[in-house]
Amino acid sequence: MSLWGATDADESKPKNLTTAEKKEVFASTKGWVREAGSRLSGNGNTSATPEVLVAIGALTTKLGTADITSIDFNITAFDKSDGGTLSVTARFNEAVDVTGTPQLTVVNDTNSNHTLSYASGTGTNELVFTLAIGAANAATDADDVLSIGANAMSLNGGTVKDAGTTDNATITNSAGIGTAAGTITVSA
């Protein structure tokens, strides 16, 4: 069995990485790279060139269209009385370019779901979605449980494409990716 591969499975990423470290690795035309600014690269410079871990020429072409590999909450708590911003990151297995305002749905188990709008990340493998909710807003109640479901992302008239190509990325996600994001219980 090889130490890495040229498929979009996590098992193809360098084997010496932990599951958490693999979240920071994506495909580029040069091979498997670590995100710029990663705490693992040690420089914290988000504008730096991604660090090449394994050189595989034209890896993004071999993978085909970009796929969502994980979705994570960027917050750990939400307080109804204070309000705040729901923030979620969708990671892809390669860099993507965004036009328009794609959206991502956060499921609320007892109230209306929350629709977060694309905020940043074009040209990278991480897209950030946000929604500001005012203090004491009726959109959430104490003890509501927020989660990510299957197929959470929608184009909303925009596009999410493989960086530098005209290929549309796969914007669907499995229930497992949503479950891995965990939940947030709204506090009073």
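A residue is called buried when its relative accessible area is under 20%, exposed when it is over 50%, and partly exposed in between (1.4 Å probe, protein chains only). The structure is a predicted model, in which local features need pLDDT of at least 70 and side-chain atom pairs count only at pLDDT 80 or more, while totals for chains, interfaces and linings use all residues. Residues are numbered from 1 along each chain as its sequence is written, and side-chain values use heavy atoms, with hydrogens and water left out.

A search of the whole structure finds 6 salt bridges (a side-chain nitrogen of Lys or Arg within 4 Å of a carboxyl oxygen of Asp or Glu). In one of them, Asp 72 pairs with Lys 23, with the closest N and O atoms 2.8 Å apart. Asp 72 belongs to strand 4 and Lys 23 to the loop between helix 1 (19-22) and strand 1, so the bridge ties together parts that are 49 residues apart in sequence. Helices (H or I, at least four residues) and strands (E, at least two) are DSSP runs, numbered from the N terminus. Asp 72 is buried, at 13% relative accessibility. Lys 23 is partly exposed, at 30%.

Arg 91 forms a salt bridge with Glu 126, the closest N and O atoms being 2.9 Å apart. This pair links strand 6, which holds Arg 91, to strand 9, which holds Glu 126, across 35 residues. Arg 91 is buried at 14% relative accessibility; Glu 126 is partly exposed at 22%. Lys 23, Asp 72, Arg 91 and Glu 126 join Glu 35 in a network of salt bridges.

A further bridge connects the side chains of Glu 51 and Arg 34 (3.5 Å, N to O). Glu 51 lies in strand 3 and Arg 34 in strand 2 (residues 31-34), so parts 17 residues apart in sequence are tied together. Arg 34 is buried, with a relative accessible area of 9%. Glu 51 is partly exposed, at 35%.

Strand 3 (residues 51-55) also contains Leu 53. Leu 53 is partly exposed, with a relative accessible area of 28%. Contact means heavy atoms within 4.5 Å. Not counting residues up to four places away in sequence, Leu 53 touches Pro 14, Leu 17, Val 25, Trp 32, Val 33 and Arg 34. Pro 14 is 39 residues from Leu 53 in sequence, yet the C-alpha atoms are 7.6 Å apart.

A nonpolar core is a set of buried Ala, Val, Leu, Ile, Met, Phe, Trp, Tyr and Cys residues joined through side-chain atoms within 4.5 Å. The largest such core has 30 residues, and Phe 92, Leu 104, Leu 127, Ile 148 and Val 160 have the most contacts inside it. Elements giving two or more residues to this core include strand 7 (103-108), strand 8 (114-120) and strand 10 (145-154). Strand 6 provides the largest share, 6 residues. Apart from this core lies another, of 8 residues, among them Leu 17, Ala 27, Ile 56 and Leu 63.

Lys 80 sits in the loop between strand 5 (78-79) and strand 6. Lys 80 is buried, with a relative accessible area of 18%. Leaving aside neighbours within four places in sequence, the contacts of Lys 80 include Gly 134, Asn 137, Asp 141 and Val 186.
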